[in-house]
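Look at the sequence and the structure below.

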Amino acid sequence: MSAIFIDGHLVHYEVIGRGKPVLFLHGWIGSWRYWVPIMQSISPFNRAYAIDLWGFGESAKNKQYSINQQVALLKSFFEKIGLFQCSIVGHGLGGIIALEFARAFPDFVDKLMLIAHPHSDNLLNRKLFEGDSNKLVEKFIKTSFDIDTMRNDELKNDPDAIKISIDEIFNDYFSKKQDPFDKTSLFVYGMNDLIVKVPEKELVESHFTESHSIVFENTGHFVMLEESSKFSRLLSEFMELSEEDSPRNLQIKEKWQRRVR
């Protein structure tokens, strides 16, 4: 286990591989752990980091759970680890935090891949977060991949870390006026996602000038686990884009589907 202390509070992270840095941010359930297969797949060419946000996994349960406080965590993490021009892959809550971090500190960020990012509050299913927040795994996941590890991680998470972020999102987060965003960005969705609906492509591209969105037709909220081989290849191609390349040339290729049948 790797850890640093920020303002006296423990922050847990893991790192593997070498090459261009990529940071993975988990969502509302689980922890850094569900990124392991993807981290391993890109590790020959990338140095892959994954962090537990405040309130999740092995990181401190310090009640600093607002979006801005999680962004401040990332800023301190980048400075302590010495990361610069790092790409970020964020899922759900992690995608929201990644985007806010990139807006606030653009020089630290190369590219963004945001999975299941809700572009408005009416695309996020709030009802699924009601009730016992330690039973979200069963609500979120309706597929057959192994969820025992994620269920165990869920028990470590502070329910307030989920509640505070959800309340903030539905109170005023999407009402804030945002300038167009010009970082190279790829938005990834599962057509069968129970938590985040797929937005209209025009909605995404009107706010993100160098962006593209891709939909996996047969997956839910955890695209990277349900279609891990195809997702890994998509991520690798995204990471290889040069400054002159447009993310809109990326697609889920038929040859990928043949390889994983």
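Asp158 counts as buried, at 10% relative accessibility. Buried means under 20% relative accessible area, exposed means over 50%, and partly exposed lies in between (1.4 Å probe, protein chains only). This is a predicted model, in which local features need pLDDT of at least 70 and side-chain atom pairs count only at pLDDT 80 or more, while totals for chains, interfaces and linings use all residues. Residues are numbered from 1 along each chain as its sequence is written, and side-chain values use heavy atoms, with hydrogens and water left out.

The side chain of Asp158 meets that of Lys63 in a salt bridge, 2.7 Å from N to O. A salt bridge here is a side-chain nitrogen of Lys or Arg within 4 Å of a carboxyl oxygen of Asp or Glu. Asp158 sits in the loop between helix 5 (148-154) and helix 6, and Lys63 in the loop between strand 4 and helix 2, so the pair ties together parts that are 95 residues apart in sequence. Helices (H or I, at least four residues) and strands (E, at least two) are DSSP runs, numbered from the N terminus. Lys63 is partly exposed, with a relative accessible area of 46%.

Asp158 also marks the start of helix 6. There, one of its side-chain oxygens reaches to within 3.0 Å of the backbone nitrogen of Asp160. Helix 6 covers residues 159-171 and has 13 residues. From first C-alpha to last it reaches 18 Å, close to the 18 Å expected at 1.5 Å a residue. That expected span is 1.5 Å times one less than the number of residues. Buried residues of helix 6 include Ala161, Ile162, Ser165 and Ile166.

Now turn to Lys61. What lies around it, beyond its neighbours within four places in sequence? Lys61 is in contact (heavy atoms within 4.5 Å) with Gly55, Phe56, Lys156, Asn157 and Asp158. It is located in the loop between strand 4 (46-51) and helix 2 (67-81). Lys61 is partly exposed, at 37% relative accessible area. A polar atom of its side chain lies 2.8 Å from the backbone oxygen of Gly57. The backbone oxygen of Ser59 lies 2.8 Å from a polar atom of that side chain too. In space, Lys61 and Asp160 are 9.2 Å apart, C-alpha to C-alpha, although 99 residues separate them in sequence.

Other charged pairs follow. Side chains of opposite charge can pair when their charged atoms come close. The salt bridge count comes to 11. Arg126 and Asp167 meet at 2.9 Å, N to O. Arg126 lies in the loop between strand 6 and helix 4 (136-140) and Asp167 in helix 6, so this pair ties together parts 41 residues apart in sequence. Salt bridges that share partners join Arg33, Glu58, Asp153 and Lys156 into one network.

Two strands pair if DSSP finds at least two bridges between them. Strand 1 (residues 2-6) and strand 2 (residues 9-17) are antiparallel over 5 bridges. Ile4 stands opposite Val11 in strand 2.

How values were computed
A polar contact is a pair of N or O atoms within 3.5 Å; within protein, one must be able to donate a hydrogen and the other to accept it, and residues adjacent in sequence count only if both atoms are side-chain atoms.
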